[in-house]
Amino acid sequence: MASPISRRRFIAIAGGATAAAAGSTLMLHRVSASPVGLPIGIQLYSVSKPYADDPAGTLKELKAMGYREVETSPMPKLSAKEQRTLFDVAGLTCPSVHLPLTAPDLGPAFEDAHTLGAHFTVSSILREFTPEFMKAAKEAMNGGKVTMPELPPLGLDGFKKTAALMNEVGRKAKAAGLQYTYHNHNFEFEKMPDGSPGYDILLKETDPELVKFEVDCGWMVVAGSDPVAYFKKYPGRFRMLHIKDFKPTGKPTIDLTGAGRPQGTDLGTGFVDYKPIFAAAKTAGIEHIFAEQEAPFAVSQMESAKVDFAYLEKFS
């Protein structure tokens with residue numbers, strides 16, 4: 001792994017006190033430059049390749065772009081302690097972590113969250129997979145295939161079981177001094193027998209104190225649902241946003257895997273209209289926002305990170 005030495009500097013030391021003061025003014029401006037009055041963050045999944053190759057340099061470059069917060073996804077090559085050191089050196093904070101939260105003992109995962117300085121501990125997919133799906137997925141990965149097998153539907157019972165598990169994880173997180181949060185994709189908007197989406201079961205059958213939600217706006221919109229409507233229908237349940245865009249799909253889709261999976265794109269180049277979402281988020285109790293992007297990337301993950309920050313900054 002690369003040592004935690006920056007490839008760039010945000011403020012040139014040689015400029016003396018005058019340059020430092022100017023740099024401080026710029027920093028204050030960029031911290032406040034957010035669509036909802038919050039520091040702009042990034043989910044590190046969006047820069048997974050450069051972060052794996054050069055974590056220290058990647059974090060320094062993200063800070064230089066203007067990002068002030070990061071959200072982690074599982075990073076097996078680095079321990080939580082190593083990542084925390086890199087975040088501190090880069091001047092970034094990590095208020096939220098995505099962790100595997102299906103193990104019987106969640107103590108180690110919660111310890112990692114505390115080490116990273118996070119308050120929110122997040123799961124993005126909290127569901128069981130059929131043996132057939134796991135076998136097909138393993139074969140796809142081993143064969144180097146880009147397209148994964150289609151994700152089987154959860155059904156009413158599956159969503160109810162997921163909600164019960166969310167409550168259980170939420171209780172354990174609270175006991176550990178953390179807030180459990182669920183991040184959606186598009187498969188949660190599978191229609192139930194009464195015509196409502198499964199996502200509503202997750203909201204209705206979980207304890208509001210134990211379970212909060214991180215809205216991935218892009219995945220929600222691509223599934224044909226509206227973040228603004230959910231802010232209004234379930235006040236107080238949402239704490240974080242993922243800001244993501246997709247290429248036009250022609251029609252709503254809940255395909256997360258398989259040939260029907262939507263294609264990601266730089267913010268502002270897809271079809272998700274963020275103006276009303278940002279306006280509603282200001283009074284919805286949102287505490288953190290994170291840019292996140294799905295493949296493919298037009299140039300590189302880091303170039304897309306620059307485009308995404310510029311898009312978010314223009315809404316300030």
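Two residues are in contact here when they have heavy atoms within 4.5 Å of each other. The model on screen is predicted, so local features are reported only at pLDDT of at least 70 and side-chain atom pairs only at pLDDT 80 or more, whereas totals for chains, interfaces and linings use all residues. Residues are numbered from 1 along each chain as its sequence is written, and side-chain values use heavy atoms, with hydrogens and water left out.

**Stop one: Met192.** Select Met192, in the loop between β5 (179–183) and α8 (198–204); helices (H or I, at least four residues) and strands (E, at least two) are DSSP runs, numbered from the N terminus. Leaving aside residues up to four places away in sequence, Met192 touches Gly155, Leu156, Phe159, Pro197, Gly198 and Ile201. Phe159 is 33 residues from Met192 along the chain, and their C-alpha atoms are separated by 9.4 Å. Is Met192 buried or exposed? Met192 is buried, with a relative accessible area of 6%, where buried means under 20% relative accessible area, exposed over 50% and partly exposed in between (1.4 Å probe, protein chains only).

**Stop two: the barrel.** Next, colour the strands: eight of them close into a barrel in the order β1-β2-β3-β4-β5-β6-β7-β10, with parallel pairing. The twist averages 30 degrees from one strand to the next. Two strands count as paired if DSSP finds at least two bridges between them.

Follow Glu71 onward to find Ser96 of β3 opposite; strand β2 (residues 69–72) and strand β3 (residues 93–98) run parallel and are joined by three bridges.

**Stop three: two helices.** Then move to helix α3 (residues 55–65), which is largely enclosed by the rest of the structure because ten of its eleven residues are buried. Among the buried residues are Lys60, Glu61 and Lys63. Just after α3, Gly66 takes a positive phi of about 130 degrees.

Finally, select Tyr45, Ile125, His185, Leu256 and Arg261, which are the closest to the centre of the largest pocket among the 41 residues that line it. About 1200 Å³ of space lies in this pocket. α6 gives the most to the lining, with four residues, and the lining divides into 23 nonpolar, 15 polar and three charged residues.

Note on methods. Axes are lines fitted to C-alpha atoms, for helices over the stretch in contact, and angles run from 0 to 180 degrees between N-to-C directions. On a 1 Å grid over the protein atoms alone, a cavity is a set of points where a 1.4 Å probe fits but cannot get out, and a pocket is an open set with protein on both sides within 12 Å along at least five of seven lines; lining residues have an atom within 4 Å of a point. Grid points are joined across faces, edges and corners, and a volume is the space filled by probe spheres set on the points. Ala, Val, Leu, Ile, Met, Phe, Trp, Tyr, Cys and Pro count as nonpolar, Asp, Glu, Lys and Arg as charged, and the others, Gly among them, as polar.
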